[in-house]
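Q: Could you show me how to read strands, buried residues and cores in a structure like this one?
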Amino acid sequence: MASVSVRANAAALNDSRTAFAGSVTVNRGPIATVAANTGAIVAANLGDDSVAVVRADAAAVPALVELDGAPVAVSLTEDRAFVVTSAAEADCLTIVDIRTNAVVAEYPLAFTVTAVAVSPDGKRAYAARTGDDHVDIAVVDTTADRVGTIDIAAGAATSIDGLVVDPSGRRLYVGVSTATGSRLVVVDTETARVHRTVAIGAPIRQLAVAADGTIYVLTSDLRNRGVIKTVDPARLAVTAGFAAGTLPIDMVLSADGARAYVVDYDEVSVLCPLTHEVVETITLGARATAIALNTPGDRLYIADVDGQITALRVPAPAPTYAPFD
């Protein structure tokens, strides 16, 4: 059973609705990352060359899907898991049908793949790749069954550690970090070309986009610690920055942008991006490795190094209207 405590600050105490909702032990070693939708949670079992599919509405034992490599990143649609695997032969994008728990397609990819994102319609997957002297994006068109490439940057010691598609599907945001700094690269998905770049600074750990298009960039290093920077989607400029823990590694954002959940060692900080305050602190009995929200946004799932997934009830996001409609 998970050990979880939730501490709310004085201002949020009366409005706190975060509560323990259950846990499941996958028991396949540390979980590298986790993704969730309306009815399922998918955990990447790094040392077991498998993913676990957990039905959110059932108490059944997680279904295991064996892979040809170690899973390092997962992106999820309602019926498909897009899993990046790493192996000695080649990194690969593996597509798993989470209704049947079966591998339905595999796309071997050159170089080292570090992140994956999927378009809102599920027809395109974007895989971030790092070569010896450059980084790029492999675009997997699942309908046409072909792979294209978007060049991002050249230079040694360059990596992509954050990748996200905006709600319209027309922009892909890429977090590029180098030995001297980092930047947010904005890609036009219709032309498959870089549109703009935005200087960020510290190494980028994760990206998130709210329903109104605002981009949130999680950074961390020993000098600046954890910081979340907000980027205006119209002006493509950094508009704010606020503290986000010691050395955070992952972040997920509520759809309305009212809450940012940040993984930092054995804690998850719940931050308000508007006031820049820590609303709540969730302490786990193990070191957290990844975090995800379900599609409705009322369940938070936290994975840890012990191979456990903890579920929390959280406030559902308020209805929002995206400017892209």
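Q: Where does Thr-281 lie?
A: Strands are DSSP runs of E, at least two residues long, numbered from the N terminus. Thr-281 belongs to strand S26 (residues 277-284). This is a predicted model, where local features need pLDDT of at least 70, side-chain atom pairs count only at pLDDT 80 or more, and totals for chains, interfaces and linings use all residues. Residues are numbered from 1 along each chain as its sequence is written, and side-chain values use heavy atoms, leaving out hydrogens and water.

Q: Is Thr-281 buried or exposed?
A: Buried means under 20% relative accessible area, exposed over 50%, and partly exposed in between (1.4 Å probe, protein chains only). Thr-281 has a relative accessible area of 13%, so this residue is buried.

Q: Which residues does Thr-281 touch?
A: Contact means heavy atoms within 4.5 Å. Not counting residues up to four places away in sequence, Thr-281 touches Ser-5, Val-6, Arg-7, Glu-267 and Val-268.

Q: Why does Ser-75 count as buried?
A: Ser-75 counts as buried because its relative accessibility is 14%. Ser-75 sits in strand S7 (residues 70-76).

Q: How many residues has the largest nonpolar core?
A: In soluble globular proteins, nonpolar side chains tend to be buried together. A nonpolar core is a set of buried Ala, Val, Leu, Ile, Met, Phe, Trp, Tyr and Cys residues joined through side-chain atoms within 4.5 Å. Here the largest nonpolar core has 18 residues, and Ile-152 is one of those with the most contacts inside it. A second, separate core of 16 residues includes Val-263, Val-279, Ile-282 and Ile-302.

Notes: Helices (H or I, at least four residues) and strands (E, at least two) are DSSP runs, numbered from the N terminus.
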